[in-house]
Amino acid sequence: MPSIELLGAYLVAIFLLTITPGVDTLLVVRNTARSGLRAGSVTSLGICSGLFVHATLSAVGISVILVQTAWAFTLLKWAGACYLIWLGVSSLRQAWRKPAMDSPPVASATVPPRFRRDFREGLLSNVFNPKTALFYMAFLPQFVDPAGNVFLQSLMLAAIHFLLAMVWQCAVAALVARSNRLATPGWLRRTMNGLTGCVFVGIGAKVAMTQA
């Protein structure tokens with residue numbers, strides 16, 4: 001097991017990473033505004049579940065292979081870029097649906113959100129994020145005791161990250177859901193969807209153009 005000092009340093013570092021706005025936060029905000037608090041929470045669950053995928057890959061050394069093998073990293077980078085652009089296009093399409101967006105939001109008790117879709121979007125967004133893969137490859141081993149069980153330690157550290165990220169992202173979702181209950185003009189909701197879509201497309205394009 002990592003020492004108390006290492007765990008303390010890990011908590012500080014992972015907390016700062018968690019509260020830094022990024023693609024994950026943007027996706028939680030978008031899905032919460034689209035379908036409500038439960039949708040945002042399920043999206044967060046999908047995002048945080050992806051952390052265990054990266055922790056597992058890091059523990060078995062596949063992350064190192066991805067980074068050192070140019071074609072593998074390029075494949076991961078393009079998959080993530082395409083997915084982000086797809087999310088952006090989906091938001092832009094919602095922005096153009098004027099009749100649907102101008103109608104008052106329906107209570108989640110009447111029309112339950114598509115939780116499988118929200119979970120899948122969160123999971124894929126995290127798994128296909130090359131920055132997360134690089135982070136876990138370079139960062140996580142610094143807090144693992146090589147004399148112990150590397151796999152179990154990696155999963156434990158990912159579990160800590162999971163809890164912190166879930167709490168933070170669900171809090172963000174709650175704030176968005178609370179503000180979303182107010183009477184929001186249709187044009188403003190469409191504008192927000194349009195801006196969100198542009199940001200996703202822009203981030204995806206930036207990821208695609210980033211050199212490995």
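1. The protein has 10 helices and 0 strands, where helices (H or I, at least four residues) and strands (E, at least two) are DSSP runs that are numbered from the N terminus. Read along the sequence, the pattern is α-α-α-α-α-α-α-α-α-α.

2. Some remarks on the basis of the values come next. The model is predicted, so that local features need pLDDT of at least 70 and side-chain atom pairs count only at pLDDT 80 or more, while totals for chains, interfaces and linings use all residues. Residues are numbered from 1 along each chain as its sequence is written, and side-chain values use heavy atoms, with hydrogens and water left out.

3. Of the 212 residues of the protein, 41% count as buried; buried means under 20% relative accessible area, exposed means over 50%, and partly exposed covers what is in between (1.4 Å probe, protein chains only). The protein exposes about 11500 Å², of which carbon and sulfur atoms supply 72%; the areas come from the Shrake-Rupley method with a 1.4 Å probe, and for residues only the protein chains shown count as cover. Among contacts (heavy atoms within 4.5 Å) with a separation of 6 or more, 89% are accounted for by residues 24 or more positions apart.

4. The largest nonpolar core has 15 residues, and those with the most contacts inside it are Tyr 10, Cys 48, Tyr 136, Leu 140 and Leu 157. Such a core is a set of buried Ala, Val, Leu, Ile, Met, Phe, Trp, Tyr and Cys residues joined through side-chain atoms within 4.5 Å. The elements that give two or more residues to this core are α1, α3 and α9, and α9 gives the most, with 5 residues. Apart from this core lies another, of 5 residues, including Leu 27, Val 28, Leu 87 and Ala 173. As general background, nonpolar side chains tend to be buried together in soluble globular proteins.

5. Cys 48 deserves a separate remark. Leaving aside residues up to four places away in sequence, Cys 48 touches Phe 162, Ala 165, Met 166 and Gln 169.

6. Phe 162 also takes part in an aromatic pair. Rings of Phe, Tyr and Trp (its six-membered ring) pair if their centres lie within 6.5 Å, and planes under 30 degrees apart count as stacked, over 60 as edge-to-face and the rest as tilted. By this rule the count comes to 1 aromatic pair. The rings of Phe 52 and Phe 162 have centres 5.6 Å apart and planes at 45°, so the pair is tilted. Because Phe 52 lies in helix α3 (residues 37-60) and Phe 162 in helix α9 (residues 150-180), the pair ties together parts that are 110 residues apart in sequence. Phe 52 is partly exposed at 29% relative accessibility, whereas Phe 162 is buried at 16%.

7. The charged pairs can be read together. A search of the whole structure finds 4 salt bridges, a salt bridge being a side-chain nitrogen of Lys or Arg within 4 Å of a carboxyl oxygen of Asp or Glu. In one of them, the side chains of Glu 121 and Arg 30 meet at 2.9 Å, N to O. This pair links distant parts of the chain, with Glu 121 in helix α7 (residues 115-127) and Arg 30 in helix α2 (residues 23-35), 91 residues apart. Both ends are buried, Glu 121 at 3% relative accessibility and Arg 30 at 4%.

8. Glu 121 also forms a salt bridge with Arg 34, the closest N and O atoms being 3.3 Å apart. Since Arg 34 lies in helix α2 and Glu 121 in helix α7, this pair ties together parts that are 87 residues apart in sequence. Arg 34 counts as partly exposed, at 22% relative accessibility. Asp 118, which is buried at 0% relative accessibility, forms a salt bridge with Arg 117, the closest N and O atoms being 3.7 Å apart. Arg 30, Arg 34, Arg 117, Asp 118 and Glu 121 are linked in a network of salt bridges.

9. Val 29 is another residue of helix α2, and with a relative accessibility of 27% Val 29 counts as partly exposed. Val 29 and Leu 175 are 146 residues apart in sequence, yet their C-alpha atoms are 9.3 Å apart in space. Val 29 touches Val 172 and Val 176, not counting residues up to four places away in sequence.
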